[in-house]
Amino acid sequence: MLMRTDPFREIDRLAEQFFGTAARPAMMHLDAYRDGDHFYAAFDLPGVDPDTIDCTVERNVLTVRAERRRPSGDGVELVAAERPMGTFTRQLFLGDTLDTDKLEAGYEHGVLTLRIPVAERAKPRRVTITANGDRRPQINA
């Protein structure tokens with residue numbers, strides 16, 4: 001049986017849940033990258049039930065919320081509680097160059113991955129140049 005000997009441990013545990021520590025931060029970690037015509041954001045959410053994940057976009061703000069719950073029930077006795085529990089939230093400000101109407105999300109192996117296409121107006125495009133007697137714009141030097 002585990003015995004608590006430090007009366008301030010509960011205060012430390014609550015502070016770690018709100019502020020996190022170097023070993024166990026209280027926020028969800030993120031990798032973001034662009035690959036071709038898509039922008040990806042991958043959030044670490046191990047041990048989170050996919051039904052508790054909520055992803056919303058309002059204007060250019062992406063909000064991800066997820067909840068990790070402790071096991072509960074009549075016969076459950078908590079012996080150690082070191083993993084951060086509760087609701088985790090992260091917001092990203094997306095540029096106008098992304099098409100948030102076509103955002104796709106998937107959750108696999110504890111990672112929530114968002115795939116957002118780059119908007120057509122943000123993709124490189126070729127400019128037509130006229131020549132051979134066609135009207136050309138005047139350029140003043």
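**View 1. The whole chain, from one end to the other.** Starting at the N terminus, the elements follow the order α-β-β-β-β-β-β-β. That comes to 1 helix and 7 strands, where helices (H or I, at least four residues) and strands (E, at least two) are DSSP runs numbered from the N terminus. Please keep in mind that this is a predicted model, in which local features need pLDDT of at least 70 and side-chain atom pairs count only at pLDDT 80 or more, while totals for chains, interfaces and linings use all residues. Residues are numbered from 1 along each chain as its sequence is written, and side-chain values use heavy atoms, with hydrogens and water left out. Of the chain's 141 residues, 25% count as buried; buried means under 20% relative accessible area, exposed means over 50%, and partly exposed lies in between (1.4 Å probe, protein chains only). The chain exposes about 11,200 Å², with carbon and sulfur atoms supplying 50% of it; accessible areas come from the Shrake-Rupley method with a 1.4 Å probe, and for residues only the protein chains shown count as cover. Among contacts in the chain with a separation of 6 or more, 49% are between residues 24 or more positions apart, a contact being heavy atoms within 4.5 Å.

**View 2. An open sheet of 4 strands.** In what order do the strands of the open sheet stand? The order is S1-S2-S7-S6, with antiparallel pairing; two strands pair if DSSP finds at least two bridges between them. Strand S1 (30-35) and strand S6 (104-108) are at the edges with a single partner strand each, so one side of each has no neighbour in the sheet. From one strand to the next, the twist averages 15°; axes are lines fitted to C-alpha atoms, for helices over the stretch in contact, and angles run from 0 to 180 degrees between N-to-C directions. Looking at S1 and strand S2 (residues 38-44), you can follow 6 bridges in the antiparallel sense. Arg34 has Phe39 in S2 as its bridge partner.

View 3. Tyr40 belongs to strand S2 and is buried, with a relative accessible area of 17%. A search of the whole structure finds 1 aromatic pair. The ring centres of Tyr33 and Tyr40 are 5.2 Å apart and the planes are at 15°, so this pair is stacked. For such pairs, rings of Phe, Tyr and Trp (its six-membered ring) must have centres within 6.5 Å, and planes under 30 degrees apart count as stacked, over 60 as edge-to-face and the rest as tilted. Tyr33 is partly exposed, at a relative accessible area of 42%. Leaving aside neighbours within four places in sequence, Tyr40 has contacts that include Asp31, Ala32, Thr113 and Leu114. The side chains of Tyr40 and Arg115 are joined by a polar contact of 3.3 Å, that is, a pair of N or O atoms within 3.5 Å; within protein, one must be able to donate a hydrogen and the other to accept it, and residues adjacent in sequence count only if both atoms are side-chain atoms. Although 76 residues separate Tyr40 and Ile116 along the chain, their C-alpha atoms are 6.3 Å apart.

**View 4. Strand S4 and its two partners.** How many residues of strand S4 (residues 61-68) are buried? The number is 6 of its 8 residues, so the strand is mostly covered. Strand S3 (residues 54-58) pairs with S4 in the antiparallel sense over 5 bridges, and Asp54 has Arg65 in S4 as its bridge partner. Strand S5 (residues 86-93) also runs antiparallel to S4, joined by 8 bridges. Here Leu62 stands opposite Leu92 in S5.

View 5. Thr52 sits in the loop between S2 and S3, and is buried at a relative accessible area of 15%. Its side chain reaches the backbone oxygen of Glu67 at 3.0 Å. Beyond neighbours within four places in sequence, Thr52 is in contact with Arg65, Ala66, Glu67 and Arg69.

View 6. In the hairpin of S3 and S4, 2 residues lie between the strands, and Arg59 takes a positive phi near 55°. Arg59 is exposed, with a relative accessible area of 78%. His109, in the loop between S6 and strand S7 (111-117), has a positive phi near 55° and is a residue other than glycine. Is His109 buried or exposed? His109 is exposed, with a relative accessible area of 76%.
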